[in-house]
Amino acid sequence: MTPKRPYIVRAFHEWMEDNNFTPYLMIDATHDDVVAPLEYAQDGRLVLAASYQATHNLQIHNDAISFTARFGGVSSDIWIPMPALMAIYAKENPKHGAFF
C-alpha cells in the first residue's frame, strides 16, 4: 500500500495555490537525506516557501519533494524526502495545513 502523506501534501498544495495562499513546507533539517541550504535552519527545522511562484520545476513525488529555488540570490536544488517533511501550511494562516 502506498503512503498517504504524498497525496495529502499534493492536495493541500493544490488547494492553497487555488485559494491564493502561499504554501510553506516545514522540514526536519536533521534528516540525513535532505538537500537544502541548511544554514537557514533554526532549531533543527527549515521552512521553505513552496509556491509555484517561489520555485522552479516543483515536483511532489511519492518518495520526495524536489524543486529549484533561490536563496540569497543563488539558485539551489532542493530534495526533501517525504519522511523529513514535518508540515505543509499556508503562510497567511498556519491553521490551513497538515502537520505530520
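Student: Leaving aside neighbours within four places in sequence, what is Leu48 in contact with?
Tutor: This is a predicted model. In it, Leu48 is in contact with Pro23, Tyr24, Leu25, Ile27, Phe67, Phe71, Ile78 and Ile80, leaving aside its neighbours within four places in sequence.

Student: Which residues touch the most other members of the largest nonpolar core?
Tutor: Leu25, Ile27, Leu48, Ile65, Phe67 and Ile80, out of 24 residues in that core.

Student: And which elements each supply at least two residues of it?
Tutor: H1, S1, S2, S3 (56–60), S4 (64–71), S5 (74–81) and S6. Strand S4 gives the most, with four residues.

Student: Switching to the open sheet, what order do the four strands take?
Tutor: The order is S2-S1-S6-S7, with antiparallel pairing. Strands S2 (45–49) and S7 (93–99) are at the edges with a single partner strand each, so one side of each has no neighbour in the sheet. From one strand to the next the twist averages 25°.

Student: How many bridges between S1 and S6?
Tutor: Five, joining residues 23–28 of S1 to residues 85–90 of S6 in the antiparallel sense. Ile27 has Leu85 in S6 as its bridge partner.

Student: Where does H1 lie?
Tutor: Helix H1, residues 5–18, lies across S1, S6 and S7, and runs at about 20° to S6.

Student: Now aromatics. How many pairs in the whole structure?
Tutor: A search finds four. One of them is Tyr40 with Phe71: the ring centres are 5.7 Å apart and the planes are at 35°, so the pair counts as tilted. Tyr40 is in the loop between S1 and S2, while Phe71 is in strand S4, 31 residues apart.

Student: What about the rings of Tyr89 and Phe99, how far apart are their centres?
Tutor: They are 6.0 Å apart, and with the planes at 10° the pair is stacked. Tyr89 belongs to strand S6 and Phe99 to strand S7, 10 residues apart.

Student: Which of those two is buried, and which is exposed?
Tutor: Tyr89 is buried, with a relative accessible area of 12%. Phe99 is exposed, at 52%.

Student: What cluster do ring pairs make with them?
Tutor: Ring pairs link Tyr24, Tyr89 and Phe99 into a cluster.

Note on methods:
Residues numbered from 1 in each chain as written. Predicted model: local features only at pLDDT ≥ 70, side-chain atom pairs only at ≥ 80, totals over all residues. Heavy atoms only, no water. Pairing = 2+ DSSP bridges. Axes fitted to C-alpha atoms, helices over the stretch in contact; angles between N-to-C directions. Contact = heavy atoms within 4.5 Å. Core = buried A, V, L, I, M, F, W, Y, C linked by side-chain atoms within 4.5 Å. Buried < 20%, exposed > 50% of the residue type's maximum accessible area, 1.4 Å probe, protein only. Phe/Tyr/Trp six-rings, centres within 6.5 Å; stacked < 30°, edge-to-face > 60°.
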